Amino acid sequence: MSDDEKSERELTALQAALAAEHAAVYGYGVVGGRIREGRRTEAQSAYDAHRARRDALAREVRDLGGKPVAAAAGYALPFPVQDSDAAVRLAAELEDRVAGVYSDLVRATVDARRSLAAEALREAAVRAVRWRGESVAFPGLAERAATGTASASSGASAPGATGPAASTSPTA
């Protein structure tokens, strides 16, 4: 693979991660409007983390000579979010999808960008566990998580994960 092909692959993965972060920021706006009082601080912290990642990714895209993908005006949600329980499910879903995109970014990058992508993947996986209350065996790899492999921490089957952000919106 030539250097130009590697740069293009890296830029494409960065743009996908940026688009996923735009969607996560939007989704956490919905979560924040429905989440119960006791979890609002956690939702605000996740919202802030995604905004920071989004801004850092936009800088990375510009550093590679790209034009950062813009956020959509709105995103379709994967299910109605009418109460706090649904808001918690949405937060876990958002984190799963972001983890999937960062998994792709880890594969497409090297050195410092790969380290940053791996850190973002880890953070999303940890947030997903906090929201869901259980872990998946392979965060960011939906095809493995959906196999029903037992979770190391809970001994339960991995929940049905969604695709690694084939779509950049909070929908599958």
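Along the sequence, the chain follows the pattern α-α-α-α-α. The secondary structure of this predicted model comes to 5 helices and 0 strands.

The chain has 172 residues, and 42% of them count as buried.

Aromatic side chains were considered next. A pair of aromatic rings is described by the distance of the centres and the angle of the planes. The structure holds 2 aromatic pairs. One of them is formed by Y28 and W131, whose ring centres are 6.4 Å apart. The planes of these two rings meet at 40°, and the pair is therefore tilted, since a stacked pair requires planes under 30 degrees apart and an edge-to-face pair requires over 60. Y28 belongs to helix α1 (residues 3-34), whereas W131 belongs to helix α4 (residues 111-132), so the pair ties together parts that are 103 residues apart in sequence.

The accessibility of both residues was also computed. Buried means under 20% relative accessible area. Y28, at 2% relative accessibility, therefore counts as buried. W131 has a relative accessible area of 3% and is therefore buried as well.

A charged side chain is also placed over an aromatic ring: R89 lies over the face of F79, at 4.8 Å from the ring centre.

Technical notes:
Residues are numbered from 1 along each chain as its sequence is written. This is a predicted model: local features need pLDDT of at least 70, side-chain atom pairs count only at pLDDT 80 or more; totals for chains, interfaces and linings use all residues. Side-chain values use heavy atoms; hydrogens and water are left out. Helices (H or I, at least four residues) and strands (E, at least two) are DSSP runs, numbered from the N terminus. Buried means under 20% relative accessible area, exposed over 50%, partly exposed in between (1.4 Å probe, protein chains only). Rings of Phe, Tyr and Trp (its six-membered ring) pair if their centres lie within 6.5 Å; planes under 30 degrees apart count as stacked, over 60 as edge-to-face and the rest as tilted. A charge sits over a ring if NZ of Lys or CZ of Arg is within 6 Å of the ring centre and within 35 degrees of the ring normal.
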